[in-house]
Amino acid sequence: KLNDDLLKSCRLTQEAISKTSSVLMRFDARKIQEIIDNNKKIGVHCVASQEYLTDIIKQYQPEGSVLTFISSSISVNIELKQIGDLTAGIAQSLLSLNTDIPERYKINISQFAKIFQNIVWDSVIAFLKQDAGLAKKTILASLELKKICSRMQDDLIETNKKAETTERGETILLFIIQSVGDIAAHTVNIAEISA
């Protein structure tokens, strides 16, 4: 059940990231609302799973590696919920923008979202299989993408300084890039549990 619950949380999160990648390329209010609604499902599922695991700890009082694994599973669930919240936040920001993000940023950001879909999956699999090699690979990939996001943010801030006025789209874009970077931090947290 523990494995199934974590995989379900992961799949729901991946689905949200995949849809977010799509709406970053082309504004779609209906799909954006689906992402926001999907995040509520992620929240309900993660909370139910955490309660189940907490009850197991109270009822059976496991010790040693079993307790560590169950406690770590609760932590992974919390990280997945936070990734879901960040993904929903990106969707919400697009909804408030009510148009496409600037053309020159579309492809890069959409590709980052697709890459994170895979990284989130790999981080959870690394935890479930206790695969230190996959965990390290996931950490390196996440940190590299976080660096790219930081560079994009710096470039955007520099561009905004040169412009006479900052467009609303540029401000929302900064938020999106920051959110993608934060998703990277959470995948690192998941992978580090296994490393």
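This is a predicted model: local features need pLDDT of at least 70, side-chain atom pairs count only at pLDDT 80 or more; totals for chains, interfaces and linings use all residues.

User: Which residues line the largest cavity?

Analyst: The lining of the largest cavity is made up of Ile17, Thr20, Leu24, Thr87, Ile90, Ala113, Phe116, Val180 and Ile183. The elements that contribute two or more residues to that lining are α1, α3, α4 (103-129) and α6 (168-194).

User: And which element gives the most to the lining?

Analyst: That is α1, which gives 3 residues to the lining of the largest cavity.

User: How does the lining divide into nonpolar, polar and charged?

Analyst: Of the residues lining the largest cavity, 7 are nonpolar and 2 are polar, while no charged residue takes part.

User: Let's stay with α1 for a moment. Is Ser21 buried or exposed?

Analyst: Ser21, which is found in helix α1 (residues 2-25), has a relative accessible area of 2%, so Ser21 counts as buried.

User: What does Ser21 touch?

Analyst: Setting aside residues up to four places away in sequence, Ser21 touches Ser110, Ala113 and Lys114. With Ser110 there is also a polar contact, in which the two side chains are joined at 2.9 Å. Ala113 is one of the residues lining the largest cavity as well.

User: What about Lys8, how accessible is that one?

Analyst: Lys8 also lies in helix α1, and because its relative accessibility is 44%, Lys8 counts as partly exposed.

User: How far apart are Lys8 and Lys137?

Analyst: In sequence Lys8 and Lys137 are separated by 129 residues, and in space their C-alpha atoms are 23 Å apart.

User: Next, where is His45, and what is it in contact with?

Analyst: His45 is placed in helix α2 (residues 29-60). Leaving out its neighbours within four places in sequence, His45 is in contact with Asp5, Lys8, Ser9 and Leu12. The relative accessible area of His45 is 13%, which is under 20%, so this histidine is classed as buried.

User: Which residue follows α3, and what is its phi?

Analyst: α3 is followed by Asn98, which has a positive phi, near 60°.

Methods:
Residues are numbered from 1 along each chain as its sequence is written. Side-chain values use heavy atoms; hydrogens and water are left out. Helices (H or I, at least four residues) and strands (E, at least two) are DSSP runs, numbered from the N terminus. Buried means under 20% relative accessible area, exposed over 50%, partly exposed in between (1.4 Å probe, protein chains only). A polar contact is a pair of N or O atoms within 3.5 Å; within protein, one must be able to donate a hydrogen and the other to accept it, and residues adjacent in sequence count only if both atoms are side-chain atoms. Contact means heavy atoms within 4.5 Å. On a 1 Å grid over the protein atoms alone, a cavity is a set of points where a 1.4 Å probe fits but cannot get out, and a pocket is an open set with protein on both sides within 12 Å along at least five of seven lines; lining residues have an atom within 4 Å of a point. Ala, Val, Leu, Ile, Met, Phe, Trp, Tyr, Cys and Pro count as nonpolar, Asp, Glu, Lys and Arg as charged, and the others, Gly among them, as polar.
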